[in-house]
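Visitor: Hi, could you walk me through this structure? I'm new to it.
Guide: Happy to, let's take a look together.

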Amino acid sequence: MSANGTNRYTRTNPTTNRNPLWNFTVLPHTFQGTVAGYASGAPPATNVIDKFPFASDANATDVGNLSVARSSGLAGQSSDVSGYTSGGYIPPAGYSNVIDKFPFASNGNATDVGDLSVARYSSTGQSSTVSGYASGGYSATPPVPVRYRTTIDKFPFATDSNATNIGALTLARRYSAGQSSDVSGYTSGGQRAPQPSPPINTFLVNNIDKFPFATDANATDVGDLVLLSYTTAGQSSTVSGYTSGGYGRTPPGLPTATFPVIFRNNIEKFPFATNANATDIADLTVVRSSVVGQSSTVSGYSSGGYAPPTVNTIDKFPFASDTNATDVGDLSSVRSSVAGQQD
């Protein structure tokens, strides 16, 4: 049972019931939630923490506040008992290093429990069973274009501590999507520093980077998304990573007249078991960018975003089949560029 009395799967190793009358194995999962999805923060400098149920299709409710209002590109992480919101942008020109933590067991406000290694916004989050990660992003210093970061930060769930820089992405970028398998974190797509030579829009990338949870090491490039894209949402099943929505185009060398840089509704999927490219498998209900992802054990969720205008839509798509998303609820207000968590 979870702390709030809801039956849930374990997020650690498989266990076998020791009662001789029962003999079953509880299937493991380390990232997906069984109770609820969360969306925290948003422009213009919002501190709202929204929560919506996984068991039924329903609207989100405002259940608490971040320790400081932040906007634009917050990273979300999830332990078994708490949600984390790290980094972000505080207008007019404040880059945040705050790591906030809020409880899943009760509806309450977040507390400031640590700092990222460098203040930045538009990083993306990943989560192992024991640690939260924030990868990439954009910082206030040094001079452009080095403000685009390769930084992979890691902070522990067991104690309230600062993050440490434990590795680097293969490419400095911001506004990527994050995914988490049982053993690795993934950073997919994003925006790098604008390039001085054509073709235009080569500042968008489709790289899928992967870094290990077991050791502190640099990421490796293990595949490509279908689209060059950024401000996409990331979701994770136990076997695949997903991106949804965003702002993107087809890679250089492919026809661009039909596929310009536009707001997207694409849902892409790539496998965790092998290093491979993503495939386009379905669509969201609304074309939008700056959308955030949540993951249950059976479905991926895409919340909010900028269509335009900004929307409060909560879309849900199944992990078991490659099927289009359905609109299953609304956030408590129209919001984009929020952080996503799941319990």
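**Charges, rings and cavities**

Guide: Let's start with a salt bridge between Arg-173 and Asp-209, whose closest N and O atoms are 2.8 Å apart. Arg-173 sits in the loop between β17 (164–168) and β18 (177–180), while Asp-209 belongs to strand β20 (residues 204–212), so the pair ties together parts that are 36 residues apart in sequence. Keep in mind that this is a predicted model.

Visitor: Are Arg-173 and Asp-209 buried or exposed?
Guide: Both Arg-173 and Asp-209 are buried.

Visitor: How many salt bridges are there in the whole structure?
Guide: A search of the whole structure gives nine. One of them joins Asp-50 and Arg-335, with the closest N and O atoms 2.8 Å apart. Asp-50 is in strand β4 (residues 46–53) and Arg-335 is in the loop between β32 (326–330) and β33 (339–342), so this pair ties together parts 285 residues apart in sequence.

Visitor: And how accessible is Asp-50? What about Arg-335?
Guide: Asp-50 has a relative accessible area of 0%, so Asp-50 is buried. Arg-335 comes out at 2% relative accessibility and therefore counts as buried.

Visitor: Which residue does Asp-100 meet in a salt bridge?
Guide: Asp-100 pairs with Arg-70, at 2.8 Å from N to O. Here strand β10 (residues 98–103) provides Asp-100 and strand β5 (residues 61–70) provides Arg-70, a link between distant parts of the chain, 30 residues apart. Asp-100 counts as buried at 0% relative accessibility, and Arg-70 counts as buried at 0% as well.

Visitor: Why do such side chains pair up at all?
Guide: Opposite charges on side chains can pair when the charged atoms come close.

Visitor: Let's switch to rings. How many aromatic pairs does the structure hold?
Guide: There are 29 aromatic pairs. Take Tyr-175 and Tyr-230: the ring centres are 6.0 Å apart and the planes lie at 55 degrees, so the pair is tilted. Tyr-175 is in the loop between β17 and β18 and Tyr-230 is in strand β22 (residues 228–230), so to speak distant parts of the chain, 55 residues apart.

Visitor: Are those two tyrosines, Tyr-175 and Tyr-230, buried or exposed?
Guide: Tyr-175 is buried, with a relative accessible area of 16%, and Tyr-230 is buried at 14%.

Visitor: Which residues do ring pairs link into a cluster?
Guide: Among them are Tyr-89, Tyr-138, Tyr-175, Tyr-230, Phe-263 and Tyr-306. Tyr-138 also has Arg-174 lying over its face, at 4.6 Å from the ring centre.

Visitor: Which residues lie nearest the centre of the largest cavity?
Guide: Leu-74, Thr-124, Ser-176, Val-292 and Val-338 lie nearest its centre, out of 32 lining residues. Strands that each supply at least two residues of this lining include β6 (75–78), β18 and β33. By class, the lining has ten nonpolar, 22 polar and no charged residues.

Visitor: And what is the volume of the second largest cavity?
Guide: The second largest cavity has a volume of about 40 Å³. Residues lining it include Leu-227, Thr-243, Asn-266 and Glu-268. β24 (240–244) and β27 (266–271) each supply at least two residues of that lining, which by class has one nonpolar, six polar and one charged residues.

Notes:
Residues are numbered from 1 along each chain as its sequence is written. This is a predicted model: local features need pLDDT of at least 70, side-chain atom pairs count only at pLDDT 80 or more; totals for chains, interfaces and linings use all residues. Side-chain values use heavy atoms; hydrogens and water are left out. A salt bridge is a side-chain nitrogen of Lys or Arg within 4 Å of a carboxyl oxygen of Asp or Glu. Helices (H or I, at least four residues) and strands (E, at least two) are DSSP runs, numbered from the N terminus. Buried means under 20% relative accessible area, exposed over 50%, partly exposed in between (1.4 Å probe, protein chains only). Rings of Phe, Tyr and Trp (its six-membered ring) pair if their centres lie within 6.5 Å; planes under 30 degrees apart count as stacked, over 60 as edge-to-face and the rest as tilted. A charge sits over a ring if NZ of Lys or CZ of Arg is within 6 Å of the ring centre and within 35 degrees of the ring normal. On a 1 Å grid over the protein atoms alone, a cavity is a set of points where a 1.4 Å probe fits but cannot get out, and a pocket is an open set with protein on both sides within 12 Å along at least five of seven lines; lining residues have an atom within 4 Å of a point. Ala, Val, Leu, Ile, Met, Phe, Trp, Tyr, Cys and Pro count as nonpolar, Asp, Glu, Lys and Arg as charged, and the others, Gly among them, as polar. Grid points are joined across faces, edges and corners, and a volume is the space filled by probe spheres set on the points.
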